[in-house]
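Q: I am new to this structure and would like to be walked through it. Could we begin with the overall layout and then go into details?

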Amino acid sequence: MLEFIVTNLPIFICVIAGLALLLLEVFMPGFGLPGIGSLILLLVSVGMVWARIGVLAAFGLLLIIVALIAIILSVTLKSAASGRLSKSPIILKETENGYNASDDMSIYIGREGEAKTVLRPSGIANFDDVRLNVVTDGVYIRQGAKVRISRVEGSRIIVEEI
């Protein structure tokens with residue numbers, strides 16, 4: 001067992017370093033050096049397995065890498081949404097230092113306006129000279145019709161015809 005690990009140590013190092021760089025890339029804006037380095041290291045590890053063992057083993061490693069990436073991203077995003085990582089300073093809160101992560105559109109509930117485009121089911125409506133992207137509950141509303149904001153779900157503004 002120890003001989004197997006020592007013989008294949010460069011492959012293990014490339015896979016672990018590639019996954020670590022990918023995890024770092026998740027929290028950095030843009031697609032930069034960690035992401036490119038991660039792809040290179042993971043491809044090099046698959047190439048080394050292909051050269052040493054064969055195509056089938058390289059394909060198996062590729063499947064393992066994809067599964068590990070899916071698990072890492074799933075756990076990280078779950079933690080960023082509602083776990084320990086969500087309390088971290090790297091995650092933008094609802095309001096922080098005067099900046100909003102998302103605007104609170106619930107202040108518009110009950111307001112009446114006019115559909116500026118055809119709503120089938122999404123489009124643009126005007127409320128007190130404010131243009132908003134809105135959706136209906138699946139019904140068609142013609143352009144120029146009077147609409148009322150019935151509810152807000154996150155950034156979705158749901159309207160109904162008056």
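Q: How many helices and strands are in the chain?
A: This is a predicted model, and its chain contains 4 helices and 7 strands.

Q: In what pattern do they follow along the sequence?
A: Read along the sequence, the pattern is α-α-α-α-β-β-β-β-β-β-β.

Q: How much of the chain is buried?
A: Of the 162 residues in the chain, 28% are buried.

Q: And what share of the contacts comes from residues 24 or more positions apart?
A: Such pairs account for 38% of the contacts in the chain with a separation of 6 or more.

Q: Let us turn to the helices. At what angle do α2 and α4 pack?
A: Helix α2, residues 9-26, and helix α4, residues 55-82, pack at an angle of about 30°. Their axes are 11 Å apart.

Q: Are those two roughly parallel or roughly antiparallel?
A: Angles under 35 degrees count as roughly parallel, and α2 and α4 are therefore roughly parallel to each other. The crossing of α2 and α4 is right-handed.

Q: Which residues make that contact?
A: From α2 the contact is made by Ile 11, Val 15, Leu 19, Leu 22, Leu 23 and Val 26. From α4 it is made by Leu 61, Ile 65, Leu 68, Ile 69, Ile 72, Leu 73 and Thr 76.

Q: What does that contact look like by class?
A: The contact of α2 with α4 has 12 nonpolar residues, 1 polar residue and no charged residues.

Q: What about α2 and α3; at what angle do they pack?
A: α2 and helix α3, residues 33-52, pack at an angle of about 155°, and their axes are 8 Å apart. Angles over 145 degrees count as roughly antiparallel, so α2 and α3 are roughly antiparallel to each other.

Q: Is the crossing of α2 and α3 left-handed or right-handed?
A: The crossing of α2 and α3 is left-handed.

Q: Which residues meet there?
A: Residues of α2 in this contact include Pro 10, Cys 14, Ala 17, Gly 18 and Glu 25. Among the residues of α3 that they meet are Pro 34, Gly 37, Leu 41, Met 48 and Arg 52. By class, the contact of α2 with α3 has 15 nonpolar, 5 polar and 2 charged residues.

Q: Changing topic, how many residues does the largest nonpolar core have?
A: The largest nonpolar core has 14 residues. Those with the most contacts inside it are Phe 127, Leu 132, Val 134, Val 147 and Val 159.

Q: Which elements give two or more residues to this core?
A: They are β4 (122-127), β5 (130-135), β6 (146-153) and β7 (156-161).

Q: What does a second, separate core include?
A: The second core has 11 residues, including Val 15, Leu 42, Val 46 and Val 49.

Q: Back to Phe 127: is it buried or exposed?
A: Phe 127, which lies in strand β4, is buried, with a relative accessible area of 0%.

Q: What does Phe 127 touch?
A: Leaving out residues up to four places away in sequence, Phe 127 touches Arg 111, Glu 112, Gly 113, Leu 132, Val 134, Val 147, Ile 149 and Val 159. The C-alpha atoms of Phe 127 and Glu 114 are separated by 6.8 Å, with the two residues 13 apart along the chain.

Q: And Val 159, what does it touch?
A: With residues up to four places away in sequence not counted, the residues touched by Val 159 include Leu 119, Phe 127, Val 134, Asp 137, Arg 148 and Ser 150.

Q: Which residues does a cis peptide bond join?
A: A cis peptide bond joins Arg 120 and Pro 121, with omega about -10°. Pro 121 is in the loop between β3 (112-115) and β4.

Q: What is the phi of Asp 128?
A: Asp 128 has a positive phi of about 50° although it is not a glycine. Asp 128 is in the loop between β4 and β5 and is exposed, with a relative accessible area of 54%.

Q: And the phi of Asp 129?
A: Asp 129, also not a glycine, has a positive phi of about 60°. Asp 129 is in the loop between β4 and β5, and its relative accessible area of 75% makes it exposed.

Q: Lastly, where is Ser 155?
A: Ser 155 is in the loop between β6 and β7. Ser 155 counts as exposed at 67% relative accessibility, because exposed means over 50%. The C-alpha atoms of Ser 155 and Val 134 are separated by 9.4 Å, and these residues are 21 apart along the chain.

Definitions and conventions
Residues are numbered from 1 along each chain as its sequence is written. This is a predicted model: local features need pLDDT of at least 70, side-chain atom pairs count only at pLDDT 80 or more; totals for chains, interfaces and linings use all residues. Side-chain values use heavy atoms; hydrogens and water are left out. A nonpolar core is a set of buried Ala, Val, Leu, Ile, Met, Phe, Trp, Tyr and Cys residues joined through side-chain atoms within 4.5 Å. Buried means under 20% relative accessible area, exposed over 50%, partly exposed in between (1.4 Å probe, protein chains only). Contact means heavy atoms within 4.5 Å. Axes are lines fitted to C-alpha atoms, for helices over the stretch in contact, and angles run from 0 to 180 degrees between N-to-C directions. Angles under 35 degrees count as roughly parallel, over 145 as roughly antiparallel, 65 to 115 as roughly perpendicular and the rest as oblique. A crossing is left-handed if the near helix is turned anticlockwise from the far one by less than a right angle, and right-handed if clockwise. Ala, Val, Leu, Ile, Met, Phe, Trp, Tyr, Cys and Pro count as nonpolar, Asp, Glu, Lys and Arg as charged, and the others, Gly among them, as polar.
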